[in-house]
Amino acid sequence: MATTRRVRTINQTVEFFKKNDPDTAIKYNTLKKAVEEGAIPHVISGTRTLIVLEDAYEYFYGVPLKD
C-alpha cells in the first residue's frame, strides 16, 4: 500500500515541526534556504512554494516521518 505524501507550504511545514518539537531549531529561513539550494524538492505554484512534508522531515531529521 502506498504511503500518503502531504504537500505543504514552507510556513505550514515549519508549523508542523514546531508542533511536534517545540524546541526545534528549524525556522522559516532554514527551510527556505534548503529548498532554494535544491536539497528538498519543491514546486512553485503561483506565489507559493510547495514541498512534501515527508521529504523535509527526512532531510532534517534523517529518518522517515512515521504517521
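The exercises below, each with a worked solution, concern a predicted model.

**Exercise 1.** Determine where Thr 24 is placed and whether Thr 24 is buried or exposed.

*Solution.* Begin with the chain: Thr 24 sits in the loop that runs between helix H1 (10-20) and helix H2 (28-36). Next, take the relative accessible area, which is 7% for Thr 24; because buried means under 20%, Thr 24 is buried. Finally, look at the surroundings: leaving aside residues up to four places away in sequence, Thr 24 touches Phe 17, Lys 18 and Tyr 61, and with the side chain of Tyr 61 the side chain of Thr 24 also makes a polar contact (3.5 Å).

**Exercise 2.** Classify the packing of H2 against helix H3 (residues 53-61) and describe the residues of the contact.

*Solution.* The two helices pack with their axes 12 Å apart, at an angle of about 100°. Since angles of 65 to 115 degrees count as roughly perpendicular, H2 is roughly perpendicular to H3. On the H2 side Thr 30, Leu 31 and Ala 34 take part, and they meet Ala 56, Tyr 59 and Phe 60 of H3. The residues of this contact comprise 5 nonpolar, 1 polar and no charged.

**Exercise 3.** Work out which parts of the chain the salt bridge between Glu 54 and Arg 6 ties together, and how accessible each partner is.

*Solution.* The side chains of Glu 54 and Arg 6 meet at 2.8 Å, N to O. Glu 54 lies in helix H3 and Arg 6 in the segment before S1, so the pair joins parts 48 residues apart in sequence. Glu 54, at 10% relative accessibility, counts as buried, whereas Arg 6, at 23%, is partly exposed.

Definitions and conventions:
Residues numbered from 1 in each chain as written. Predicted model: local features only at pLDDT ≥ 70, side-chain atom pairs only at ≥ 80, totals over all residues. Heavy atoms only, no water. Helix = DSSP H or I, 4+ residues; strand = E, 2+ residues; numbered from the N terminus. Buried < 20%, exposed > 50% of the residue type's maximum accessible area, 1.4 Å probe, protein only. Polar contact = N/O pair within 3.5 Å; in protein donor to acceptor, adjacent residues only side chain to side chain. Contact = heavy atoms within 4.5 Å. Axes fitted to C-alpha atoms, helices over the stretch in contact; angles between N-to-C directions. Parallel < 35°, antiparallel > 145°, perpendicular 65-115°, else oblique. Nonpolar A, V, L, I, M, F, W, Y, C, P; charged D, E, K, R; others polar. Salt bridge = Lys/Arg side-chain N within 4 Å of Asp/Glu carboxyl O.
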